[in-house]
There are 2 protein chains.
Amino acid sequence: MSEEKRTEIGALGEFGLIDKLSEGVKIYHDTTVKGIGDDAAVYDAGDHFVLLSSDMLLEGVHFDLSYIPLQHLGYKAVSVNVSDIAAMNGTPKQITVSLGLSNRFSVEAVEVLYEGIRAACEDYNVDLVGGDTTTSRSGLVISVTAMGTVEKDKVAYRSGAKESEILCVTGDLGGAYVGLQVLEREKQEFLANPNMQPKLDGYPFVVGKQLRPIARMDVIHEFGALGIVPTSMIDVSDGLASEVFHLCKASGLGAALYEDKIPIDKETYETAAEFGLDPNTCALNGGEDYELLFTITQADFEKVKNHAEIHTIGYMQSADKGKALVTRSGNTIALTAQGWKHF
Amino acid sequence: MSEEKRTEIGALGEFGLIDKLSEGVKIYHDTTVKGIGDDAAVYDAGDHFVLLSSDMLLEGVHFDLSYIPLQHLGYKAVSVNVSDIAAMNGTPKQITVSLGLSNRFSVEAVEVLYEGIRAACEDYNVDLVGGDTTTSRSGLVISVTAMGTVEKDKVAYRSGAKESEILCVTGDLGGAYVGLQVLEREKQEFLANPNMQPKLDGYPFVVGKQLRPIARMDVIHEFGALGIVPTSMIDVSDGLASEVFHLCKASGLGAALYEDKIPIDKETYETAAEFGLDPNTCALNGGEDYELLFTITQADFEKVKNHAEIHTIGYMQSADKGKALVTRSGNTIALTAQGWKHF
């Protein structure tokens, strides 16, 4: 490759690169309701929408086989994709799984990976319908595509939020990031002393959040039961702050978040403290929680205010008011999105 | 990974592994009309079917960046997936592209790759709607999923062939395999003498078949115009013999092929000879032609018999008669499928 100019990908970052690559993309079909730029693409199938989303997990980048059991990895690969369908307020129906396997994998090891994939398919009620299986010269590659459906009047885009609407998040945040710190510490100790047993027992919740995240289809089903259609939604894969930025950008708004409303589990809090990390920073900038961030109208507030798994954490405001974090001490500071750096 | 038993993947092969992994797969939705086991999965969208297919290309396994230009690679990644939709008699509508990029890639290089992807999208009239872009610790990874549609009464499965139906193939075969030999030879000569200019000018057709294959959407559109619905179909990615085996297995039949009817381009023929290869073997067992192999009823024979791009190469017969090749000398021998060994 001889090139006159060379720009490092890191100089643009993942989102900058995606923006640049998306520039020249044309849409030929009017049945493509939504292309690049949301959690899933939207195709008009006539009486309903079909959703399509793909995610790739690469060894050494997204996972480390020295601490993630293959069964959990299979489960996680499905969860990550189901979470994208959930973020459109949709229901997953089919997935394809493409695997690149080095010769270090035995048939038995691949079967264990597939046990996790099948367990996730059962839990999410989704059909494994195909994919590709090939050898890999390097590490393990798992590429999953999820196809789902949603009623046309129920689809939730990133772009639908309106001023004064309420910003909500499911579950709790920061756990997966703190869990990763525990796993990394045990790995380093194991490398220093291979006879050591890993000490993971004290951290079941955060380690579980990291190794075996659950896509929040439970909440999607409850939206149906409660008669709620989120006005905008995104899944929290890159950290809360980064996702708030995405919702704001897509909706042309600003937002205000209350630091003391951000849900953090007790174990996340204590483990973060043990590592000398600020739990709020873990919640705001740690990735891989796979919770849902969404907005609802003020009229829907009554329906969620006592819901154990839905937390109101702020509100949308006009773009000129910016993205603000109201700290525990009552100060209003600019929210910054660190997110996950893939490059 | 501590395992009691270790079976090498190579002992099962790609199709054996897929069969084994497919065993425990359950289908939960009655809208899933076809799962694993065809060129694409089939979902019942109400008044039509939606098709879904994924393929992954890995550096060092499926391509060698020392001779495939990035633009062609982008084009090829799309063609391979569009070909799977074509093989169901469908029309591609959307694709997602997931990329794993090592830091050896500049933004400019990724843009060239995307130029090829966008060119293919334009040629196939398909919308690029999403995907994933991430760093890779090892080589370049390209994972594409194609979503397409087909009218319910027009879908072609591998399993629909009947006894005495006519076996047809599009275009010509063996070119991509012979083209690969040319590229490999030039690579070795370049490695031995880096000042040497590659001599590819004499082989435009076979090198083009290898580097920039075209999915046969032209033939799919003609099927519509001619009023033909193939009774069974598969794309030729692993070599003609291997695909005949797949059609026979899925349809519960045998087949007879006439060696002298297998279409081989003059350049393929001459280049194979130059390499001391039997052109028939290249056509039967060389991979990556991305032509279509299909069956039609005898009643449809008149519609295709003078078509320049459709060749009748044999017929289906009962399973007990086996899979036979009638050689040029008139002998009938058992057809063997060597195919592509991915493991």
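Q: Which residue in strand 12 of chain A stands opposite A:A255?
A: The model is predicted, with local features requiring pLDDT of at least 70, side-chain atom pairs counted only at pLDDT 80 or more, and totals for chains, interfaces and linings taken over all residues; side-chain values use heavy atoms, leaving out hydrogens and water. Residues are numbered from 1 along each chain as its sequence is written, while chains are lettered from A and ligands numbered from 1 in the order in which they are written. Strands (E, at least two residues) and helices (H or I, at least four) are DSSP runs numbered from the N terminus. In strand 12 of chain A, the residue opposite A:A255 is A:K323.

Q: In which sense do strand 9 and strand 12 of chain A pair, parallel or antiparallel?
A: Two strands count as paired if DSSP finds at least two bridges between them. Strand 9 (residues 253–258) of chain A and strand 12 (residues 323–326) of chain A have four bridges. The sense of their pairing is parallel.

Q: Which residue of strand 13 of chain A is the bridge partner of A:L325?
A: Strand 12 of chain A runs antiparallel to strand 13 (residues 332–334) of chain A, and three bridges join them. The hairpin that they form has five residues between the strands, and A:G330 there takes a positive phi near 95°. The bridge partner of A:L325 in strand 13 of chain A is A:I333.

Q: How many residues does domain 2 of chain A bring to its contact with domain 1 of chain A?
A: An automatic or database domain assignment gives the bounds, dividing chain A into domain 1 (9–150) and domain 2 (158–334). Their centres, taken over C-alpha atoms, are 21 Å apart. With contact meaning heavy atoms within 4.5 Å, domain 1 of chain A gives 27 residues and domain 2 of chain A gives 26 residues.

Q: Which three residues supply 27% of the area that domain 1 of chain A buries against domain 2 of chain A?
A: Buried area is the accessible area (1.4 Å probe) that two parts lose on being put together, summed over both. Between domain 1 and domain 2 of chain A this area is about 2,200 Å², with 55% from carbon and sulfur atoms. More of the area that domain 1 of chain A buries against domain 2 of chain A comes from these three than from any other three residues: A:Y67, A:K76 and A:N89.

Q: How many salt bridges are counted between domain 1 and domain 2 of chain A?
A: A salt bridge requires a side-chain nitrogen of Lys or Arg within 4 Å of a carboxyl oxygen of Asp or Glu. A:K249 and A:D19 form such a pair, their closest N and O atoms lying 3.6 Å apart. Between domain 1 and domain 2 of chain A, the count is five.

Q: How many salt bridges are counted between chain B and chain A?
A: Chain B and chain A are in contact through 83 residues of chain B and 83 residues of chain A. They bury about 7,000 Å² between them, 61% of it on carbon and sulfur atoms. The side chains of B:K20 and A:E111 meet in a salt bridge with an N to O distance of 3.9 Å. The count of salt bridges between chain B and chain A is two.
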